[in-house]
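Read this report with the sequence and the 3D view side by side. It goes from the parts of each chain to the contact between the chains.

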Amino acid sequence: MTTTTTEPNPTEFEGGIVLETNGLTKKFGALTAVDDVSLEIESGTINSIIGPNGAGKTTLFNLFTGKHEPTSGSIKFRGVDIGGRKPHEIVADGIVRSYQITNFFSELTTLENVRLATQARQTGFRPTDFVRHHGSVQEPIDEARRVLERVHLGDVAQRRAANLSYGQRRHLEIAISLAADPDLLLMDEPTAGMSPEETRETVELITEIAEDVTLVLIEHDMEIVMDISDRIAVMNMGSLLARGTPEEIQQDDRVQEAYLGGGDRD
Amino acid sequence: MKAVTEFFDRSTHSRTGNQLLSSQGRFALLVSIAVLAVAAPIVQMIHPFWLNLMVRMMIFALLALSLDFVFGYAGLLSFGHAAMFGAGGYAAAIVITEVTPHALVVLPIAVVAGVVIAALIGWLSVRARGIYFAMLTLAFAQMFYVVAFTDLPATILDRGSVTGGDNGLYGIGMYELFGIDFTSTLMYFYLTLGLVALSLAIIIRLANSQFGRVLQGIRENEERIEFIGYDVQRYKVVGFAISGGFAGLAGGLYVPFQSVAHPGLLHWMISGELIVMLLLGGMGTLWGPMLGAGLVVLLEEQLAGFASWEIILGGIFVGVVIFAPRGLAGILISLRNDPGSAVENAKQAVRDYLEAVRG
């Protein structure tokens, strides 16, 4: 088991396909939120999913993380079908998501927020998990501190999460997900609502993380998307409209029409 | 003394910035236990009845503690804790009458009865959240009430009587342990005090363990804790079962002391009163609800002479919820942190409320 988030992915997956969906469909009653989506995510790449609101991007994340079960089609993670697996099992497999809205444990300290995630991998229902004081199990604490340093939150480790600034909260959000030691990290609008300065910092952080974690982003800021993505998937009304490199997407007429508004881009 | 505080909690400094009780708080708990132990013989001399009341206060404090572990600490709003209390009580009554009155046999069985019932109710209810979970626990507890009231086990097993139906089981014998005479209220007081203190120590231990931290995470943000890799439902069921064990122990202490097990133990009124104890005491602090339980039992006893003492208890309850939403524990904590401005804080609370009412 990989115990630190700084180690690279196992080499056997380097350059291979980490995640693969085939005819993935999710229906809520009469509404088809995700419609016959087939795509592959290559290991070690940054992938962006773009599309208008209601295009099914978040539902796709919910399918990948086990929040929803696919109506039909398959999701394979490293070749193993994960459709219908429970969220906590999928996290253990290596798929973790971060949230668009700040979604953490606001009454707990910054450190404890992250420590809960690092603890998850080594705790369970053994007798010692019930009797040992959480403060005397050193490994998750050390690891949480390392993750906090990495996202530049080391100075506020003891502060209550509710008292963090907006930018710090967004970084904590990413830190919690990182602490769960993902091989594949799904990030839901990591720069939403940020000032240009905060956005720049976060983009730097994302590219740093991408050195050893495969990333899938939902992002609305086209500049960022075009700048950092290796591959882009465009969704519209639940379907996959196009897939390709930033250059290919920018030149795709259907995408221009449906999403980029048909205007000329430089 | 240090060895004792360490028993309560080995790690005296918190490296994660999270500690259920400060070392000062743990010391205060130990002092309270010591004061109770010393005061008991004196109370006995002055007025024996008061000692009897103190035993009941402590038993309900244990019951409130067990509920706070899942409700205040893990955010599981259980409205059915009477079921585990009653299960422990009936188990104790039946074992004492039919098998043996040995405390080391009966009390563990009462605990197991509470665990089993709680695991069952928990397993069936944790899929629902919030108020739906509360309603399910209430419904299951009421089912157990009906089972005891109609003596369903006797019908199923084709025996004369198991739970004694609406009469209950009476004339329950007293515990035996190392030749101690527990018919003496003083001895029973010490048995109860010892077990309540032990339970508190264990629950504080659990709350500070890695398991306990996950429960707290569930209270804070159930969705997120699931998506960082925890099996939330399993944690809830295990937490609920543990809580049920302590509720069962409370039942096992209550029944021989009252020498009767009746369906009223399982009634939702008990569960409801428990919620009042928690809110009055300040949930999530563990010691607050124990204070709240003591206060409610005391008030019931003292005010029972009045025609409608519930109105007085209700009044106090409303007052606490409005002016001190964090309960007695909240009042005590703010008094400790800032004793100088206590009067000012109280005035402020009244002003805030009046302003809120005026809109």
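## Basis and domains

Domain bounds here come from an automatic or database domain assignment. The model is predicted: local features need pLDDT of at least 70, side-chain atom pairs count only at pLDDT 80 or more, and totals for chains, interfaces and linings use all residues. Residues are numbered from 1 along each chain as its sequence is written, while chains are lettered from A and ligands numbered from 1 in the order in which they are written.

For chain A the assignment gives domain 1 (14–94 + 182–266) and domain 2 (103–181). Taken over C-alpha atoms, the centres of domain 1 and domain 2 of chain A are 26 Å apart. Two residues are in contact if their C-beta atoms, placed from the backbone, lie within 7 Å. By that rule, nine residues of domain 1 of chain A touch eight residues of domain 2 of chain A. On the domain 1 side, helix α7 (residues 196–209) of chain A gives the largest share, four residues. Helices (H or I, at least four residues) and strands (E, at least two) are DSSP runs, numbered from the N terminus.

Residues are also sorted by class: Ala, Val, Leu, Ile, Met, Phe, Trp, Tyr, Cys and Pro count as nonpolar, Asp, Glu, Lys and Arg as charged, and the others, Gly among them, as polar. The side of domain 1 of chain A that touches domain 2 of chain A has seven nonpolar, one polar and one charged residues.

## The sheet of chain A

Four strands of chain A form an open antiparallel sheet, in the order β2-β1-β4-β5. The edge strands are β2 (31–42) and β5 (80–81) of chain A, and each has a single partner strand, so one side of each has no neighbour in the sheet. Two strands pair if DSSP finds at least two bridges between them. Strand β1 (residues 17–28) and strand β4 (residues 72–77) of chain A pair in the antiparallel sense over five bridges. In this pairing, E20(A) stands opposite K76(A) of β4(A).

Strand β2 of chain A also holds D36(A). D36(A) is not a glycine, yet its phi is positive, about 55°. D36(A) is partly exposed, with 15 other C-beta atoms within 10 Å. A residue is buried if 20 or more other C-beta atoms lie within 10 Å of its own, exposed if 12 or fewer, and partly exposed in between, with C-beta atoms placed from the backbone.

## A helix pair in chain B

Axes are lines fitted to C-alpha atoms, for helices over the stretch in contact, and angles run from 0 to 180 degrees between N-to-C directions. The axes of helix α4 (residues 81–98) and helix α5 (residues 103–125) of chain B come within 8 Å and cross at roughly 145°. Among the contact residues are A87(B) and G88(B) of α4(B) and A110(B) and G114(B) of α5(B). By class, this contact has 16 nonpolar, two polar and no charged residues.

## Contact between the chains

The contact takes 27 residues from chain B and 36 residues from chain A. On the chain B side, α8 (185–208), α9 (210–220) and α10 (222–226) each supply at least two residues. The largest share of that side, five residues, comes from α9(B). By class, the side of chain B that touches chain A has seven nonpolar, eleven polar and nine charged residues.
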